[in-house]
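Me: Could you take a close look at one part of this protein for me? I'd like to hear about a pocket and a helix beside it in the story.

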Amino acid sequence: MVRDCGLMAAVLSSVLQGAKSLVQHRRLHVTSVLEKAKTGAEHRWLARQNSDPYVKAAHRNNYRCRSAFKLLEIDEKYKILLPGHHVIDCGAAPGAWSQVAVEKVNSLGEDLKASFGFVIGLDLLHISPLEGAVLLSHSDVTDPVTQNKVIGLLPSGKADVILSDMAPNASGIREMDHQRLVSMCISLLDLSDRVLRPGGSFLCKLWDGSESNVIRDKLRQRFQDVRNVKPKASRTDSAETFLLARLHKKNPSSVP
Ligand SMILES: C[S@@+](CC[C@H](N)C(=O)[O-])C[C@H]1O[C@@H](n2cnc3c(N)ncnc32)[C@H](O)[C@@H]1O
C-alpha cells in the first residue's frame, strides 16, 4: 500500500476500521475506501491522494510511500547517499526512505563493483521487513537505550548519514507540534555526536516555526554546511521543511 505517511494514520484509522482486509493488500482501493470515508476531511484527503502524481509514481516504482521522492530529490541534488555508506533512518515506517537508502548505498550488493553499504531503520511502529536493511520496530529513537542498540548494530559503530523523517502525532496546534518536532531533532544530536564520521551528513524533517533557529544553530556548531531544503514532493501547503547538514566536523564532542 502506498501511503502519505504523515497524515495516513490520523485520517485513515477511522476510515479503515472494519476494513482490515484492505490494509493487508498492497493496493489501496480508493473507491471502496471513499465509500467508507465519513467526514469531509477524509473525503478531501482521499481525493487528494487519488490525484497525487507522487502517490501514483510510488505505486509504479514499488515504494511504500510517496515520501520516497522527497529523499530521492534531495539526494539527486546533494548526493548524500553513496555506495558503501552506513545509514541510520530514524522514523522509518513504513520504509520508503529505507528503500531509497538500500538502493543508493548498495546494501544488497547488487553492484558488485561498488562498495556495499549498510542501512538500519527504526520506528515506534512496526516496519515490514525490507531486504538490505536491518529494521528495529517499536523502538523510540530518542531513548538512549535504543541509541546504544543502534550503535551496537552498526558495523564499526560509525555512520556516514543520519536521516530523520520523524514526526510526532500532530495535535493540530501548530506551535506545539513544531516545538515537539524540534525537541525530537535535538535528541538526535547526541546520536550524531557519537556515531557520525567526519564529513558525514544529517537530514531531518522540521515543521517550520519559532524554534527552527535553535536546531539550525546547534547543527551549525557541528557541521560546516547547514541549509533548508524543501523538495517539490513536499506539499507547498505544508509547514514541512528539511534541514540538511553536511560535512560533519571532526571534533563535535566539545559542542554543548
Ligand atoms: C512521516 S513518517 C516516516 C516515513 C518514512 N520516512 C518513509 O519514507 O516511509 C514519520 C514516522 O516517525 C515515527 N516516529 C515518531 N516519533 C518517533 C520516535 N520517537 N522514534 C522512532 N520513530 C518515531 C512515526 O511512528 C512515523 O512512522
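Reply: Let's start with the second largest pocket, which has a volume of about 170 Å³. This is a predicted model, where local features need pLDDT of at least 70, side-chain atom pairs count only at pLDDT 80 or more, and totals for linings use all residues. Residues are numbered from 1 along each chain, and side-chain values use heavy atoms, without hydrogens or water. A pocket here is an open set of points on a 1 Å grid where a 1.4 Å probe fits, with protein on both sides within 12 Å along at least five of seven lines; lining residues have an atom within 4 Å of a point. The volume is the space filled by probe spheres set on those points.

The lining includes N61, N62, Y63 and Q99, and it splits into 4 nonpolar, 3 polar and 3 charged residues. Its largest share, 3 residues, comes from helix α7 (residues 96-105); helices are DSSP runs (H or I) of at least four residues, numbered from the N terminus.

Now for helix α5 (residues 53-61). V55, A57 and A58 are buried there, meaning under 20% relative accessible area with a 1.4 Å probe, protein chains only, while exposed means over 50%. The buried residues pack against α4 (40-51) and α6 (68-78), with contact meaning heavy atoms within 4.5 Å. Just after α5, N62 has a positive phi of about 65 degrees.

Conventions. Helices (H or I, at least four residues) and strands (E, at least two) are DSSP runs, numbered from the N terminus. Ala, Val, Leu, Ile, Met, Phe, Trp, Tyr, Cys and Pro count as nonpolar, Asp, Glu, Lys and Arg as charged, and the others, Gly among them, as polar.
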